[in-house]
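Here is a short report on side-chain contacts and helix packing. Please read it alongside the model.

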Amino acid sequence: MKKAIDCPYSMIDKEIICEHKTARVTPEDIKTVHNHDGYEIVFFLRGDVNIMIEPDIFKMKRGDMFFISPLVFHGLDLEDISGYERIVVNIQYEYLKELGDAETDFSSLFRSDESSNMNHMRIPEEAIPAFISVAERLNESLESTDFGHFVLSKALLIEFLLMTCKYSSNVPSQKRNSLVPVVVSRIFDYIDSHIEENITINAMSLELHYSSDHLSRVFSEATGDSLKRYINAKKIVLAQKLLLQNYSPYDVCFMAGYNNYSSFSRRFSQQIGMSPKQYQLSEKRRTL
């Protein structure tokens with residue numbers, strides 16, 4: 001997986017985005033491992049593609065639908081870049097929260113018993129055309145200026161989400177971490193359990209009983225990114241969550257395992273594109 005976490009975070013700037021992507025993909029079109037501040041649905045139709053949704057890698061098959069929660073790192077590994085076809089739906093966090101009611105929590109579609117990060121469904125072949133049809137109508141409505149197109153877009157998104165519900169328990173199981181080396185799974189687990197500390201690769205190597213060079217090499221081979229960059233990126237995700245809980249940026253610095261506010265703020269700005277305080281204020285304005 002030839003990727004790198006540089007500035008992987010992006011804000012979903014529209015309430016709903018829906019794209020049916022069928023054009024030929026070039027290496028330059030492939031996004032790095034990244035995350036969003038909202039929800040994402042990837043509906044796989046064609047190609048030879050692996051998808052990474054931390055901490056797992058899956059071989060995608062036609063009809064696979066992946067529901068990815070906010071701030072979860074994910075990326076693609078295209079074995080054959082000539083025929084990748086998919087439908088991608090992005091939904092702002094607050095918009096999805098308000099979309100349902102007391103009995104219908106659509107955010108539950110984006111987690112499962114196996115993972116709080118994602119959910120995986122398999123849509124049978126005979127149902128795929130119906131999903132494509134609703135997605136294409138949703139895309140047309142989002143691009144329309146006709147009277148009532150916002151209402152129609154909302155209705156079509158709800159229809160798409162409700163259609164998926166009947167398939168949430170009909171997924172042929174993929175062995176967890178089947179494409180991820182055991183040592184890389186242990187690295188993911190170590191990072192998650194020590195994320196609030198000052199993680200060093202040397203300390204990790206002592207606990208996992210591998211050399212630091214070996215850990216760095218196998219992690220890079222499996223994910224396409226350096227272990228050090230991934231650790232920092234994960235810490236910034238934790239910082240985002242804490243800032244959204246209204247902790248002060250200064251307190252968040254130490255809660256995320258940094259020892260120096262200046263280095264924390266600099267790292268946060270590099271990854272998110274704004275300072276911790278600016279991020280906190282911008283998210284407050286979006287929810288008003």
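This is a predicted model: local features need pLDDT of at least 70, side-chain atom pairs count only at pLDDT 80 or more; totals for chains, interfaces and linings use all residues.

Residues are numbered from 1 along each chain as its sequence is written, and side-chain values use heavy atoms, without hydrogens and water.

D64 lies in strand β6 (residues 64–68); strands are DSSP runs of E, at least two residues, and helices are runs of H or I, at least four, numbered from the N terminus. Two residues compare as follows on relative accessibility (buried under 20%, exposed over 50%, partly exposed in between; 1.4 Å probe, protein chains only).

| Residue | Relative accessibility | Class |
|---|---|---|
| D64 | 0% | buried |
| F254 | 37% | partly exposed |

The whole structure holds 18 aromatic pairs. In one of them, the ring centres of Y250 and F254 are 5.1 Å apart and the planes meet at 65°, so the pair is edge-to-face. Rings of Phe, Tyr and Trp (its six-membered ring) pair with centres within 6.5 Å; planes under 30 degrees apart are stacked, over 60 edge-to-face, the rest tilted. Y250 and F254 are 4 residues apart in helix α8 (residues 249–255), so about one helical turn separates them.

Helix α2 (residues 128–143) packs against helix α3 (residues 149–165) at about 160°, with axes 9 Å apart. Therefore α2 is roughly antiparallel to α3 (angles over 145 degrees; under 35 is roughly parallel, 65 to 115 roughly perpendicular, the rest oblique). Axes are lines fitted to C-alpha atoms, for helices over the stretch in contact, and angles run from 0 to 180 degrees between N-to-C directions.
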